[in-house]
Amino acid sequence: MTKVLERPLAPWAEPAWQHLRALRAQPPAALLLHAAAFGDAEALAERYARLLLCEAQAEAAPCGSCRGCREAAAGTHPDLLRVAVPEDKREIGIDQIRQASDWCSRTARGRHRVLRIRAADRMNRAAANALLKTLEEPPPGVVIVLSAQRLHALPATIRSRCLAVALRQPEEGEYERTLEQAGLGAERVRAAQARTPGDLSAALDLAAEDVETVEAWQRAWRQGVEQGDTLQAAAQLSETDWPQAQVWLQRQVVAWAREPGAAALLQPAWAALMRLRRMESTTLDRLLPAEEVIILLRRAYTALSSPPRRQPAP
Ligand SMILES: [Zn+2]
């Protein structure tokens, strides 16, 4: 049975998480989680919803293995409803909240029914008024978890009926350090900052994608440089994010060049890599030049009298 992997929690979400965990046995009818970065509030709200639905009665975090955890992650749990801004709309509308309120009044399979309202600060006025009715008389066992970035965008009447839990602000440099500790190199930290400023959850999503890509590069390296299947390796590399793949290849060569006797042997491969870097090309155009790089790396690999049994660095 596959286990649902729990994403690491941002250090600045940790105090809020401890607070939520303490509320596990007797959760309030409505919670409002808010953070400067929306993804962080979202991640926490999702984790708390899963903790409430975990059938293993896990204390620290959802167990990830039980029926409740797996169904919640797959989006099929009968006691979990997520409401969000529809993709083709800009706000959460009244119909969505009315349907959610009906859902709340049905019988739970387990102890709780959890209604998650993502980006609650984007409910329109009618939707907020409809939600207020449910918040005034919440059905027993129902836990409504709102997440929001702009607290002031929520009506005071809603805020006053929720227990508000705020994530603290990351300290200076804490966001960058956390990404680096999660295994992202400096370049990827910069890329993550550019694409998802300040939002650790979103950055970790990117990082997870990256791990698969790096594994594909490592396979290509073994296949081409160590086993001599150079064309196949070049094809594999060309199909991935090519600018990133080149940066990775450069790092491999630089690291390898530090080994005794390797620098001179790697010179031709390095030159070919630099030529390739200057090329603005389509996948097809770069296949042969990429193979040339692999062939030259392969040559260096076999020329070293005792080729290092080196694993490509991550
Ligand atoms: Zn569980």
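Author: Start with a list of contacts. Beyond its neighbours within four places in sequence, Gln-223 is in contact with Gly-228, Asp-229, Gln-232, Ala-233 and Gln-236. Bear in mind that this is a predicted model.

Reader: What makes these residues contacts of Gln-223?

Author: A contact needs heavy atoms within 4.5 Å. Gly-228, Asp-229, Gln-232, Ala-233 and Gln-236 are listed as contacts of Gln-223 on that basis.

Reader: Where is Gln-223 found, and why is it called buried?

Author: Gln-223 is found in helix α9, residues 200–226. Its relative accessible area is 18%. Buried means under 20%. Gln-223 therefore counts as buried.

Reader: Asp-229 was on that contact list. Why is Asp-229 called partly exposed?

Author: Asp-229 has a relative accessible area of 35%. Partly exposed lies between the 20% limit for buried and the 50% limit for exposed. So Asp-229 is partly exposed. Its place is the loop between α9 and α10, residues 230–239 for the latter. Leaving aside neighbours within four places in sequence, Asp-229 is in contact with Gln-223 and Gly-224.

Reader: How far apart are Asp-229 and Ile-295 in sequence and in space?

Author: They are 66 residues apart in sequence. In space the C-alpha to C-alpha distance is 9.0 Å.

Reader: On to charges. How do you know that Arg-118 forms a salt bridge with Glu-42?

Author: The closest N and O atoms of Arg-118 and Glu-42 are 3.1 Å apart. The cut-off is 4 Å. So the pair qualifies as a salt bridge. Arg-118 sits in the loop between β3 (113–117) and α5 (125–136), and Glu-42 in helix α2 (residues 38–53). The pair links distant parts of the chain, 76 residues apart.

Reader: What makes Arg-67 and Glu-55 a salt bridge?

Author: Their closest N and O atoms are 3.3 Å apart. That is within 4 Å, so the label holds. Arg-67 is in helix α3 (residues 67–74), and Glu-55 is in the loop between α2 and α3, 12 residues apart.

Reader: What about Arg-109 and Glu-55?

Author: Arg-109 forms a salt bridge with Glu-55, with the closest N and O atoms 3.4 Å apart. The two are 54 residues apart, and Arg-109 lies in the loop between α4 (94–104) and β3. Arg-109 has a relative accessible area of 35%, which makes it partly exposed. Elsewhere, salt bridges that share partners join Glu-42, Glu-46, Arg-50, Arg-82, Arg-116 and Arg-118 into one network.

Reader: How many salt bridges does the structure hold?

Author: The structure holds 13 salt bridges.

Reader: Last, the strands. How do you know that β2 and β3 pair?

Author: Four bridges join β2 (residues 80–83) to β3. Pairing needs at least two bridges, so β2 and β3 pair. The strands run parallel. Leu-81 stands opposite Leu-115 in β3. With α4, they make a right-handed β-α-β unit.

Conventions: Residues are numbered from 1 along each chain as its sequence is written. This is a predicted model: local features need pLDDT of at least 70, side-chain atom pairs count only at pLDDT 80 or more; totals for chains, interfaces and linings use all residues. Side-chain values use heavy atoms; hydrogens and water are left out. Buried means under 20% relative accessible area, exposed over 50%, partly exposed in between (1.4 Å probe, protein chains only). A salt bridge is a side-chain nitrogen of Lys or Arg within 4 Å of a carboxyl oxygen of Asp or Glu. A crossover is right-handed if, with the strands pointing away from the viewer, the path from the first strand over the helix to the second runs clockwise.
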